Amino acid sequence: MPIKDADYNAARTILIQAGSLSASKSHVKHTGKRGSPDGHGVSLLQEAKAEFDEMSEPHKGAGMIALNKAAKRMGLDASNL
């Protein structure tokens, strides 16, 4: 099932606010009613997770919380990234 543009963009914003540079470099989605493939959302999450894994606490913990929140917004499961 495609990810709605509004959900992808909201998840992107959540990750940017948590400090993800890769999310800030990703493009805002504007596909109309088509949405984006789940793979786009998974890639967004995987790249952000790699960044958060390299951070020290408390930034790493805050990043992981944001990662889960972003995944939930897109209807994805962050536990298997």
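Is K49 buried, partly exposed or exposed? K49 is partly exposed, at a relative accessible area of 23%; buried means under 20%, exposed over 50% and partly exposed in between, with a 1.4 Å probe and protein chains only.

A word on the source. This is a predicted model, where local features need pLDDT of at least 70 and side-chain atom pairs count only at pLDDT 80 or more, while totals for chains, interfaces and linings use all residues. Residues are numbered from 1 along each chain as its sequence is written, and side-chain values use heavy atoms, with hydrogens and water left out.

Now the fold. The chain has four helices and zero strands, counted as DSSP runs from the N terminus (H or I, at least four residues; E, at least two). In sequence order that reads α-α-α-α. Of the 81 residues, 40% are buried.

Back to K49. It forms a salt bridge with D53, with the closest N and O atoms 3.0 Å apart; the term means a side-chain nitrogen of Lys or Arg within 4 Å of a carboxyl oxygen of Asp or Glu. Because K49 and D53 sit four residues apart in helix 3 (residues 38-54), about one helical turn separates them. D53 is partly exposed too, at 35% relative accessibility.

The whole structure holds two salt bridges. R73 pairs with D7, the closest N and O atoms being 2.9 Å apart. That pair links distant parts of the chain, 66 residues apart: R73 lies in helix 4 (residues 59-74) and D7 in helix 1 (residues 5-17). R73 is partly exposed, with 40% relative accessibility.
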